[in-house]
Amino acid sequence: TKVFPGDKVQYDDRTISSERHVYLLLNKPKGFITTTDDPYERKTVMSLVENACKERIYPVGRLDRDTTGLLLFTNDGELAKKLTHPKHGIKKLYHVQLDKALSTDDLSSISEGTQLEDGMIIPDTIAWDKGGEDKKSIGIELHSGKNRIVRRIFEHYAYKVVRLDRVSFAGLSKKDLPRGKWRFLKKHEISFLKML
């Protein structure tokens, strides 16, 4: 059977891809939206990775315009689906800077769970940064992929998020990856993601 570009080929209910899979990690700067195309011509994350490879890659999940940090791109649809589906519980670690000190009571309440309009959110962990020296600086780890979830948790308790940075995603770290720069994943990182 002849197969043409654009044809969808399936075997055992799985789509076969002729394109090599690409996995790229970006340390997203502030001011870029996570979309492949924007009708309002705002800056998108795609402009930061446009010359990275010839394959067409897509962001896995989202970071809002003012959020910085790790964003994964790939053309591996199966892996992207796994990393974004709530049932897989993929962990994301954020560094949060608040407009005022987080009280002990509110820290305790957030750790026990916050009832938002779209359900209960219980973080995997939450703590003041640097042992509580600066109570405006918080680390929070979640596996929820709900929209603007970190900002909404703190807004619920009347705190404003001044800075939000995703420092870890699915075990990947932004160590040695400057803001606005990207790199391809190493083989062992790809293997790790596929085992999640």
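A salt bridge here is a side-chain nitrogen of Lys or Arg within 4 Å of a carboxyl oxygen of Asp or Glu. Keep that in mind for this tour of a predicted model.

**Stop 1: Arg148 and Glu155.** Select both side chains. They meet in a salt bridge, 3.7 Å from N to O. Arg148 has 37% relative accessibility, so it counts as partly exposed. Glu155 is also partly exposed, because its relative accessibility is 42%.

**Stop 2: the second largest pocket.** Stay on Arg148. It is among the lining residues that lie nearest the centre of this pocket, along with Arg62, Leu63, Lys146 and Asn147. Select those next. The pocket holds about 450 Å³ of space, and 24 residues line it. Now colour the elements that give two or more residues to the lining: α2 (77–84), β6 (92–98), α4 (149–156) and β11 (161–169). β11 gives the largest share, three residues. By class, the lining has nine nonpolar, eight polar and seven charged residues.

**Stop 3: Lys175 and Asp176.** Another salt bridge sits here, with the closest N and O atoms 3.5 Å apart. Lys175 has a relative accessible area of 63%, so it is exposed. Asp176 is exposed too, with 70%.

**Stop 4: Arg183 and Glu189.** Buried or exposed, these two residues? Both Arg183 and Glu189 are buried. Their side chains meet in a salt bridge at 2.8 Å, N to O.

**Stop 5: Arg20, Lys54 and Glu55.** Select the three together. Salt bridges link them in a network.

To finish, show every salt bridge in the model: the count comes to eleven.

How values were computed: Residues are numbered from 1 along each chain as its sequence is written. This is a predicted model: local features need pLDDT of at least 70, side-chain atom pairs count only at pLDDT 80 or more; totals for chains, interfaces and linings use all residues. Side-chain values use heavy atoms; hydrogens and water are left out. On a 1 Å grid over the protein atoms alone, a cavity is a set of points where a 1.4 Å probe fits but cannot get out, and a pocket is an open set with protein on both sides within 12 Å along at least five of seven lines; lining residues have an atom within 4 Å of a point. Grid points are joined across faces, edges and corners, and a volume is the space filled by probe spheres set on the points. Helices (H or I, at least four residues) and strands (E, at least two) are DSSP runs, numbered from the N terminus. Ala, Val, Leu, Ile, Met, Phe, Trp, Tyr, Cys and Pro count as nonpolar, Asp, Glu, Lys and Arg as charged, and the others, Gly among them, as polar. Buried means under 20% relative accessible area, exposed over 50%, partly exposed in between (1.4 Å probe, protein chains only).
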